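Please read the following report alongside the sequence and the coordinates.

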Amino acid sequence: MYLYNLTLQRATGITHAVHGNFSGSKMQEILVSRGKSLELLRPDPNTGKVHTLLTVEVFGIIRSLMAFRQTGGTKDYIIVGSDSGRIVILEYIPAKNIFEKVQQETFGKSGCRRIVPGQYLAIDPKGRAVMIGAVEKQKLVYILNRDAEARLTISSPLEAHKSNTLVYHTVGVDVGFENPMFACLEIDYEEADSDPTGDAAVKTQQTLTLYELDLGLNHVVRKYSEPLEEHANFLVSVPGGNDGPSGVLICSENYLTYKNLGDQHDIRCPIPRRRNDLDDPERGMIFVCSATHKTKSMFFFLAQTEQGDIFKITLETDEDMVTEIKLKYFDTVPVAASMCVLKTGFLFVASEFGNHYLYQIAHLGDDDDEPEFSSAMPLEEGDTFFFAPRPLRNLVLVDEMDSLSPIMACQVADLANEDTPQLYIACGRGPRSTLRVLRHGLEVSEMAVSELPGNPNAVWTVKRRVDGCQRAIG
């Protein structure tokens with residue numbers, strides 16, 4: 001039995017966005033999740049227009065989305081974490097224009113449950129393993145490999161569970177070809193849960209925990225755990241191996257911190273704030289999303305604050321030891337749920353509210369007069385850097401995708417025509433909020449009119465004749 005459904009208007013908001021060479025060609029595509037559907041987009045490198053290649057309904061809720069490529073591979077695969085209680089690996093087949101299910105493993109019950117993995121995904125940068133985690137307690141690691149016919153295979157799950165633990169974010173640490181390692185932001189609530197006074201909850205610290213997958217012994221161990229000074233909201237993996245110093249950037253309230261194992265000491269830099277900010281000056285500043293751009297000779301990060309300001313982040317190194325974090329104001333764009341930097345020089349911004357945008361990166365901001373902030377600059381405890389926002393200078397808008405923001409309020413009114421009531425909807429928030437009008441029915445711009453002889457009182461059709469003609473008789 002086959003069941004069909006027809007969606008008159010698909011969802012327009014984007015919850016996740018990843019990029020890669022999914023078709024196996026040299027052109028990069030963007031894969032976006034719209035809640036319960038996957039859409040593959042391809043920006044035209046010449047015109048900058050975004051074209052939709054494929055849209056697929058998954059009949060579920062997409063909780064997480066990642067792209068990865070195995071060492072020596074020519075195309076990227078897609079890992080989907082959903083409310084199905086399964087981990088699914090998809091491959092895009094350009095000849096058929098479909099997503100083909102390569103692997104599917106069931107590990108738990110269906111539904112968005114806090115102890116069933118699916119909320120967090122982390123992939124080893126070399127494509128050797130993936131960690132899928134739940135909000136609480138459970139984390140599973142799958143080893144990815146190839147069989148004799150070079151087809152992708154997946155192992156049985158390896159458990160990395162820890163009771164009474166909440167997870168905030170998970171990333172794969174780039175360690176080259178050493179044992180795969182995953183970094184997690186966690187908090188242990190066991191003492192706080194058993195303390196009725198609430199004192200333990202106030203003193204509970206968030207921890208950075210590293211999990212190592214031992215490929216020789218085929219198990220996962222908690223290799224390292226360290227309490228953090230500030231409450232962090234997400235992690236950024238730093239390129240490692242031959243491409244960089246490895247480690248992670250910890251994005252916390254008002255500060256950006258670099259951490260790594262070994263002799264590396266922590267590097268800490270304040271997050272710059274707007275000069276003469278009209279918002280609450282006592283409010284903490286956080287990064288909400290980031291994108292990494294890496295080439296054979298360099299890498300940098302673009303991180304966006306909750307006010308929409310993008311900063312270019314670079315690391316100064318001395319023989320694989322990071323000595324300095326540098327931040328420079330890049331541009332201001334709408335606050336994004338996800339950002340993607342393509343190798344063709346485009347920046348895709350999947351906005352939290354309102355339309356989505358594709359920008360051309362015209363300049364990298366290296367030669368302008370914008371001040372550069374550094375962790376090496378002397379500052380008193382509690383002080384920070386200040387910058388002045390400005391119109392776009394390094395980015396050029398090349399395409400825009402319409403998106404209906406979340407509805408904040410609506411009102412049925414009759415302002416234009418007495419016979420046509422209209423629905424006025426307030427969408428989004430802040431300076432990008434919009435007022436939209438919905439009318440019942442379809443707008444008709446052209447009608448086919450043909451006069452009939454006499455005074456007809458009815459119209460019906462007859463069967464198609466052999467010569468293919470069909471006639472209406474009145």
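How many aromatic pairs does a search of the whole structure find? The search finds 9 aromatic pairs, where rings of Phe, Tyr and Trp (its six-membered ring) pair if their centres lie within 6.5 Å, and planes under 30 degrees apart count as stacked, over 60 as edge-to-face and the rest as tilted. One of them joins phenylalanine 311 and tyrosine 329 edge-to-face, at 6.0 Å centre to centre and with 65° between the planes. Because phenylalanine 311 lies in strand β25 and tyrosine 329 in strand β26, this pair ties together parts that are 18 residues apart in sequence. Both phenylalanine 311 and tyrosine 329 are buried (buried means under 20% relative accessible area, exposed over 50%, partly exposed in between, with a 1.4 Å probe and protein chains only). Phe287, Phe311, Tyr329 and Phe387 form one aromatic cluster.

This is a predicted model, in which local features need pLDDT of at least 70 and side-chain atom pairs count only at pLDDT 80 or more, while totals for chains, interfaces and linings use all residues. Residues are numbered from 1 along each chain as its sequence is written, and side-chain values use heavy atoms, with hydrogens and water left out. The chain averages a pLDDT (the predictor's confidence in each residue, from 0 to 100) of 87, and 92% of the residues score at least 70.

Two charged side chains lie over ring faces, by the criterion that NZ of Lys or CZ of Arg is within 6 Å of the ring centre and within 35 degrees of the ring normal.

| Charged residue | Ring | Distance from ring centre |
|---|---|---|
| Arginine 268 | Tyrosine 255 | 3.7 Å |
| Lysine 312 | Phenylalanine 300 | 5.0 Å |

An open sheet of 4 strands has the order β27-β28-β29-β32, with antiparallel pairing; strands are DSSP runs (E, at least two residues) numbered from the N terminus, and two of them pair if DSSP finds at least two bridges between them. β27 (336-341) and β32 (395-401) stand at the edges with a single partner strand each, so one side of each is left without a neighbour in the sheet. Between β27 and β28 (residues 346-351) the antiparallel pairing runs over 5 bridges, and cysteine 340 stands opposite phenylalanine 348 in β28.

Asparagine 97, in the loop between β7 (86-93) and β8 (98-106), has a positive phi near 55° and is partly exposed, with a relative accessible area of 28%. Glutamate 319, in the loop between β25 (309-318) and β26 (321-332), also has a positive phi near 55°, and this residue is exposed, with a relative accessible area of 74%.
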